[in-house]
Amino acid sequence: MKKLLSLILAVVMIATIATAAFAEEYQVLNGFDPADFKSEKDPSEFKMAVVVKGVADWFSRLEEGVVEFAEKYGVDAHVEFPATTDAASQLEIIDQLKTQGYDAIIVVPNDSAALENTFKDAMEKGIVVIGHEASNLTNCLYDTEAFNAQTNAVAKADALIEATGGEGKYAIMVGYTTAITHMDYANRMVDYLKENAPGLELLNDAIPTCESKESTTTAYEQAKQVLKADPDLAGFVCFCSTDAAGISQAVEEMGLEGQVKIIGSGVPSVYAEELKDGLIYCVTTWDPKLSGYVACLTAYKVLMGEPVGDGTDLSDGGAAPGYEAVKLVTEDGNNCLLGSAPCVGTGENVDELF
């Protein structure tokens with residue numbers, strides 16, 4: 001009997017410690033605590049959907065990580081591609097998923113604010129919500145990122161300084177002004193450049209100079225307008241994975257290659273030719289395959305009742321390098337898990353990257 005009581009006590013203590021670990025540095029927002037989302041299902045019955053911004057090489061690469069995770073863990077996990085790159089299309093998908101027995105919904109939002117209500121409703125129904133590129137999404141249990149915003153902003157700023165010698169005018173393109181990560185990166189980059197490269201002048205002192213609406217065609221049209229108005233531009237920085245293609249097309253058509261240094265984002269291999277030719281100076285990025293894997297793993301751990309917090313290893317034995325000890329940051333309105341997995345693609349290393 002004493003042994004049995006001791007065993008029961010030990011189990012209770014372990015459960016208490018595990019629950020406490022969930023809360024360590026975690027802020028319970030709108031009443032939602034990860035400890036409340038432990039599932040009683042067999043893991044093989046878990047259903048997860050990842051809702052991305054649109055159809056692009058970036059999200060096809062992210063899908064590879066989701067597929068790898070699903071195969072390794074034997075769960076139903078897949079990517080949902082919206083018909084259009086706007087919040088309305090994402091909202092339609094998410095509202096459907098909420099009625100189809102999903103245990104977790106992961107989202108890369110075009111407009112976090114537009115999704116808050118539907119995600120609050122999802123979590124009230126017991127659905128785990130995980131964000132990515134969503135540092136201002138409150139109604140989620142966690143937001144997962146490859147690194148903090150400052151790391152990416154500084155990487156782009158340093159690349160621009162190196163490319164231009166720290167002199168001249170530069171322009172900024174984002175996907176949408178409602179894309180919080182794009183705007184956060186852009187603002188941080190400008191602040192860093194003002195302090196570290198005063199010789200670089202932001203065009204019209206406006207953040208952003210233009211937006212692509214996640215369309216290569218729009219990126220091309222917007223870039224051409226900017227270049228026609230300011231043909232002496234020294235640099236063009238973009239934050240959407242498809243924008244560098246449109247900007248580089250405009251630069252080439254106007255005979256400004258070599259003068260306008262393009263600091264892009266996205267899948268480096270997509271821009272291999274432009275990087276090797278020097279049309280695009282570099283691509284600062286992270287591997288979306290790892291992001292897809294880590295976001296799914298985070299949702300899985302919550303469903304399993306496993307604590308996730310500061311120092312948690314989300315690399316999963318080498319499947320996601322750079323996420324060995326994530327940092328939990330709570331001051332930006334949600335619980336953000338930060339890895340350390342930046343990547344810079346150049347003409348010299350692009351063949352070694354994804």
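Glu306 counts as partly exposed, at 29% relative accessibility. Its salt-bridge partner is Lys301, with N and O 3.0 Å apart, and Lys301 counts as buried at 15% relative accessibility. Keep in mind as you look around that this is a predicted model.

Salt bridges that share partners also join Asp95, Lys98, Asp121 and Lys125 into one network. Within that group, Asp95 and Lys98 pair up, their closest N and O atoms being 3.3 Å apart. Asp95 has a relative accessible area of 33% and is partly exposed, whereas Lys98 is buried, with a relative accessible area of 15%.

The structure holds 16 salt bridges. Here are some of them, with the N to O distance for each pair:

| Salt bridge | N to O distance |
|---|---|
| Lys301 and Glu306 | 3.0 Å |
| Asp95 and Lys98 | 3.3 Å |
| Lys53 and Glu214 | 3.7 Å |

The pair in the last row is worth a visit in your viewer. The side chains of Lys53 and Glu214 meet in a salt bridge at 3.7 Å, N to O.

Technical notes: Residues numbered from 1 in each chain as written. Predicted model: local features only at pLDDT ≥ 70, side-chain atom pairs only at ≥ 80, totals over all residues. Heavy atoms only, no water. Salt bridge = Lys/Arg side-chain N within 4 Å of Asp/Glu carboxyl O. Buried < 20%, exposed > 50% of the residue type's maximum accessible area, 1.4 Å probe, protein only.
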